[in-house]
Amino acid sequence: MMIRTLSKMTILAAVCLASVTFVCEADALISGHECAYCHSVMGASGSTLLNDISVEVLCMSCHVSAIGSTAAAEVHTNGGASFPANRITCVECHDPHDNQQNVNGVDNLNMVLGTITVMSPTLGDIDAVFADKDYSDDNSYDYSRPGGSGVCQVCHTQTSRQLNNGTASNHKLGLTCTTADCHPHSKGFDN
Amino acid sequence: MHKMKTRVKSHLFLLLLVAAVSCLSESQAWSGGLSWGPVIEEPATEGCTPEDSPLIVQGPMKSPMRMVEYGDNSFLLSDRSGSIYEVKKNDPAHPVLLLRIDGNPLGIAFDGRNVLVGNETSGKVERYALRRNRATKRSSIPRSKSGRIQPLDIAVDRTKRMTFVVDGIDGDVKVYDRRGRLSLSIGGFGQLSQPQALSLNPDTEEVVVTDYGDQRIGVSASIQIFDYSGRHLKTIQGAFSRPQGVWSTGGSIYLVDAMLGQVLEFERDTGALLSTNGCYGSSDGHLMLPMDVLYDPPMKQFFVADNRNGRVTVLPLIEQ
């Protein structure tokens, strides 16, 4: 209880500080977000925000549809029945605040974590690289990388493609994995 | 790297606390109509206690969005993962798959003959005629090939044959005539910021729209009421910040808040909060990211599209 109250106060303080002096704003957030989007929301108190599922509700209160035109998202479940049941929520792949540095010292895009903790199967902390979406410029991108550190490989041990050991990874190499026709985020990458 | 950041943050705690204290007194002064209150509120809930660590219980649907009445005993429900279901009011736990949609369906409506589906992926309101379990796709709105909207919610006035669509791209309510031609845009000049959903009241010819507001410029979440010609009639604000689906009768407006996990009832004329129903969570009767509400007057109950729980939840109206 004490700890909760404290963390609530820290958040409150930081949010207020940011709003008054703008110190945090420059480096703590992506440009599409503001502190008040997630803190100071009815029902989104500090203590509930520390729970992954309520963070998912918070994110989805906006990303349940594409704001503007692109940003619709959904949790990653395995659509097919061939894999063990799985449900990967937003903060297992995203930092809520900012783009994180990856193992190569470059910032990942779209707030994707530099280290993803893979719980099922239990692989532990794994470096995830996602700094390049464009294949056409240099014939490489980070959905899928030769060694298996691409964001759409790091967790996969049982899929027929895009495995985390870098084998069997050249399925439609060069195409963007997340387009509407393939594995869109709005359908949890499942299709 | 990230752990490092967190540690630095907690060292800053004392400094921040001081800032918070001064901030508390300061922000109270200017918080007025803003949703950016000094205290991060947890709502009071009646009849049930919010869960501390809810688990998501995925129902038969992946992402239920909007609902619309379909005959006397059923309603239709859109699932963003690509399906339209028919749900019997007396058996809401067993939705029946009616249509598969290529894309992400958001809004849904029924004009007496056709099912109208707002497809976010195609950027159109698609019309489907249903005959003997076969769906035939008819013309879409907007009719031009290049015209794209984000059809967050749809409602039809059957007698006037007008179709109202919340467009998330332009942030307005577009009104289409019987031929699918755009006849009016409501709220597009700053009266609406980020409209989400709507409900019609054909008797009084009113359009009730929920709006997230815009935190960047200090505009709070609200309910906005217009007449059919687009004239603004009324604004209702209250203890909500993520208003989604709405249902209006003559005197009352029922609203679900996606974050609170509650159905709030407001009095149309005074804007007063009349009742609070349900609470946040995943166990039976709790709501997680409710997206739409349908009120069932004879039974005095609500049907709620309970998005994160992947189900339709039925709640009794608590009269207060």
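**Close-up 1. What lines the second largest pocket of this predicted model.** The lining splits into 18 nonpolar, 6 polar and 8 charged residues. Here Ala, Val, Leu, Ile, Met, Phe, Trp, Tyr, Cys and Pro count as nonpolar, Asp, Glu, Lys and Arg as charged, and the others, Gly among them, as polar. The pocket holds about 720 Å³ of space. Of its 32 lining residues, Val68(B), Glu69(B), Val156(B), Leu200(B) and Trp247(B) sit closest to the centre. Six strands of chain B each put two or more residues into the lining: S1 (64-70), S5 (105-110), S9 (151-157), S13 (195-201), S17 (243-248) and S21 (290-296).

On terms: a pocket is an open set of points on a 1 Å grid over the protein atoms alone, where a 1.4 Å probe fits, with protein on both sides within 12 Å along at least five of seven lines; lining residues have an atom within 4 Å of a point. Points are joined across faces, edges and corners, and the volume is what probe spheres set on them fill. Strands are DSSP runs (E, at least two residues), numbered from the N terminus.

The model is predicted, so to speak of a local feature takes pLDDT of at least 70, and side-chain atom pairs count only at pLDDT 80 or more, while totals for chains, interfaces and linings use all residues. Four strands of chain B line up as S1-S2-S3-S4, with antiparallel pairing; strands pair if DSSP finds at least two bridges between them. S1 and S4 (96-100) of chain B are the edges: each has a single partner strand, so one side of each has no neighbour in the sheet. Neighbouring strands are turned by 25 degrees against each other on average, direction ignored; the axes are lines fitted to C-alpha atoms. S1(B) and S2 (residues 74-79) of chain B share 5 bridges, and Tyr70(B) has Ser74(B) as its bridge partner in S2(B).

**Close-up 2. A three-stranded open sheet, also in chain B.** The order is S21-S22-S23, again antiparallel. S21 and S23 (311-316) of chain B are the edge strands, each pairing on one side only. S21(B) and S22 (residues 301-306) of chain B are joined by 6 bridges; Val293(B) finds its partner in Val304(B).

**Close-up 3. Cysteines without disulfides in chain A.** There are 0 disulfides over all chains, a disulfide being a pair of cysteine sulfur atoms within 2.5 Å. For Cys62(A), the nearest cysteine sulfur is that of Cys38(A), 7.3 Å away. The sulfurs of Cys152(A) and Cys177(A) are 4.5 Å apart, too far for a bond.

How values were computed:
Residues are numbered from 1 along each chain as its sequence is written. Chains are lettered from A and ligands numbered from 1 in the order in which they are written. Side-chain values use heavy atoms; hydrogens and water are left out. Axes are lines fitted to C-alpha atoms, for helices over the stretch in contact, and angles run from 0 to 180 degrees between N-to-C directions.
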